[in-house]
Amino acid sequence: MEITATNLPSIVAAVTFATVTIAILTERLHLTVAAFLGALVLIFAHVMTLNQAIEYISQSYATLALFLGVMILVRAFEPTNIFAYLATQMVVLAKGEGKRLVLGVIAITTPICAVLPNATTVMLLAPLIPPIAQEIGVDFVPLLILMVFVANSAGLLTLVGDPATFIVGDAVNLSFNDYLMRLSLGGAIAVGSILIMAPFLFRSIWNKKLADMNTLPHPKINHPKVLMLGGLLIVVVLTFFVIGDSLPTPIPPAAVALLGAALALFLADQSKIDTVNNILKDIDWSTLLFFMSTFVLIGGLEKTGVLDSISSLLAIILGKNIALGSIVLLVLVGLLSSVVPNIPLVVAMVPLLKQYLVNVGLVGAEVLSPDFTGQLPPEVLPLFYAMMFGATLGGNGTLMGASSNIVAAGVAELHGSRISFSKFLKYGIPVMLVQLVVAALYIAVAFLF
């Protein structure tokens, strides 16, 4: 193909995205550095202007605001020693047995992820894992990876459990109750597959037993009055996460998280348990910068027409075969989601899929409008269900596949360890493959046959 001024930006955007992905896969560069440099390449190569790059970031402002707010909220109460205290209590409840601890992580993470975004849950619970692992004498990295798998899988239990699921559900105007009736069983099956694989994947932790429980440290709570107020604040924040969007004047989760963060900073500052500078210094800015850069990279593919080309290719390959299209889409999105964070991926894939349906004549062009509030024909909905499951479960494949994975990596670095791409891959690939097969069977049995 002859390279012209017309298709050069598309080539630059595609090559840059592929190069960034390879750099992260091979661990040649830190994932944040790779994505940041890739985003800047698009700007300096005139694929987009700086203003356009910022616009692509702003389209996902809610995700960034939610992450920032929860990070501040969690960090503000670290001086109370609550995380070390709860970690010890979990070891006591598990009676020092690794098997009980693994089951405990699954049991605690699953219900919370049914009502909170999975990355938010990981932010809240992940700080407990390093001190627990230290007390039992095991590596905390596998436990963080386990938590991520459960969080991503349990995100399919409800419409609000995973941002990717919410984005797709909102695009087809799927209600919370409709999701429960049609798709929650698939989420339960996904969590069940983790439960079955856990004894084999995490064998060393599963078989670990702490011989002498008396050797456990007994950390004490600091600043109990501040912690009581902080606990009340977190309960209010969690409550508004669940009910905020249904109020007469809706309050989105991002706004709730930022208000909670502001009040946490106020409480920490006024009580003198820590300084605002110390709290903000410890925020995982690397994760936030990675997401911003990724939104720009995906924006480059959208702006230059690369995504439209993929949509046209889908129309040629699949035609009007919804059954084949659903399975192919689940596998394709699952594999893509293993190397691309699922939030920007589904943001890009939703219009692509709608365009495909218009191209093959299954829906009218009105569905492409951002203001579309109608219902899609029931026969095309399995395509969107497949995209939900593929994007969410495919995120378990690699370190960069889901926002919760990146959050867990940030927590690990803050506690002096590192979740390498290769280490995550060792656990992630078998989990992803099993879950994609199970999800394909579920979609086929429940909606196609």
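Lysine 423 and aspartate 139 pair up through their side chains in a salt bridge, 2.8 Å from N to O; the term stands for a side-chain nitrogen of Lys or Arg within 4 Å of a carboxyl oxygen of Asp or Glu. Lysine 423 sits in helix H23 (residues 421-448) and aspartate 139 in the loop between helix H8 (129-136) and helix H9 (140-154), so the pair ties together parts 284 residues apart in sequence. Helices here are DSSP runs (H or I, at least four residues), numbered from the N terminus. The model is a predicted one, in which local features need pLDDT of at least 70 and side-chain atom pairs count only at pLDDT 80 or more, while totals for chains, interfaces and linings use all residues. Residues are numbered from 1 along each chain as its sequence is written, and side-chain values use heavy atoms, with hydrogens and water left out.

By this rule, the count comes to four salt bridges. Arginine 75 takes part in one with aspartate 274, the closest N and O atoms being 2.9 Å apart. Arginine 75 lies in helix H4 (residues 61-76) and aspartate 274 in the loop between helix H15 (253-271) and helix H16 (276-281), so this pair ties together parts 199 residues apart in sequence. Aspartate 282 also forms a salt bridge with arginine 75, with the closest N and O atoms 2.8 Å apart. Shared partners join Arg75, Asp274 and Asp282 into one network.

How exposed or buried are these residues? Arginine 75, at 10% relative accessibility, counts as buried, and so does aspartate 274 at 13%. Aspartate 282 is partly exposed, at 29%. Buried means under 20% relative accessible area, exposed over 50%, and partly exposed in between (1.4 Å probe, protein chains only).

Terms used
Helix = DSSP H or I, 4+ residues; strand = E, 2+ residues; numbered from the N terminus.
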